[in-house]
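Here are my notes on the model you sent. Please read them with the structure open.

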Amino acid sequence: MNEVEIYTDGACKGNPGPGGWGVLLRAGSVEKELWGGALDTTNNRMEMQAVIEALSALKRPCAVTLYLDSQYVRKGITEWIHGWKAKGWRTASKEPVKNVELWQQLDHLVSQAGHRIEWRWVKGHAGNPGNERADQLANRGVEQALGR
């Protein structure tokens, strides 16, 4: 199984507002950068989109160490999702899960693609080089969405 390090980040100028996502993939000495954005979105959606795009870019099952600064995404996919699915994609307070289509897409990638994923939270904007690069790429995604 190939080992891959992934750093993801999302950005939003206003929440909601124009946003971007960024991904840095590393496999050995090879690096790949991905980014994109949307005009009317939220920070949480961009954080999720970054992880979805990163995992979608992998062509075969990999041993992934995924670094992200979003507790929403990390806890959502490792803890909360089990309850949401058991409750028909409802929260504990019986409200519909926000961003359900993204959660379902991410759940499919995590459970069906054959990856072994280690989810590692890193503090954002704290000097971690991979996280800082993913943040720069997410901001590039915002600029792209704005047509700049």
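Which residues lie nearest the centre of the largest pocket? Point 2 takes this up, after a word on the model.

1. **Basis.** This is a predicted model, in which local features need pLDDT of at least 70, side-chain atom pairs count only at pLDDT 80 or more, and totals for chains, interfaces and linings use all residues. Residues are numbered from 1 along each chain as its sequence is written, and side-chain values use heavy atoms, with hydrogens and water left out.

2. **Largest pocket.** V4, L25, A27, A57 and L58 lie nearest the centre, and the lining has 13 residues. The space inside is about 280 Å³. A pocket here is an open set of points on a 1 Å grid over the protein atoms alone, where a 1.4 Å probe fits, with protein on both sides within 12 Å along at least five of seven lines; lining residues have an atom within 4 Å of a point. The volume is the space filled by probe spheres set on the points, which are joined across faces, edges and corners.

3. **What the lining is made of.** Strands β1 (2-12), β2 (17-27) and β3 (30-41) each give the lining at least two residues. Strands (E, at least two residues) and helices (H or I, at least four) are DSSP runs, numbered from the N terminus. By class, the lining has 7 nonpolar, 5 charged and 1 polar residues. Nonpolar covers Ala, Val, Leu, Ile, Met, Phe, Trp, Tyr, Cys and Pro; charged covers Asp, Glu, Lys and Arg; the others, Gly among them, are polar.

4. **Helix crossing.** The axes of α2 (residues 71-86) and α3 (residues 100-112) come within 11 Å and cross at roughly 95°. The two helices are therefore roughly perpendicular, a label for angles of 65 to 115 degrees. Axes are lines fitted to C-alpha atoms over the stretch in contact, and angles run from 0 to 180 degrees between N-to-C directions. From α2, Y72, V73, G76, I77, I81, W84 and K85 meet W103, L106, D107 and V110 of α3. This contact has 8 nonpolar, 1 polar and 2 charged residues. Contact means heavy atoms within 4.5 Å.

5. **Start of α2.** Q71 is in helix α2. Its relative accessible area is 30%, so Q71 is partly exposed. The scale is buried under 20%, exposed over 50% and partly exposed in between (1.4 Å probe, protein chains only). Beyond four places in sequence, Q71 touches G76 and W121. K123 is 52 residues away along the chain, yet its C-alpha is 9.7 Å from that of Q71.

6. Leaving aside neighbours within four places, T41 contacts C12, N15, P16, G17, P18, G19 and M46. A cis peptide bond joins N15 and P16, with omega about 15°. P16 lies in the loop between β1 and β2.

7. **Backbone angles to check.** Most residues other than glycine have a negative phi, and most peptide bonds are trans. K94 has a positive phi of about 70° and sits in the loop between α2 and α3. At 65% relative accessibility, K94 is exposed. H125 has a positive phi of about 55° and lies in the loop between β5 and α4. H125 is exposed as well, at 60%.

Methods:
Parallel < 35°, antiparallel > 145°, perpendicular 65-115°, else oblique.
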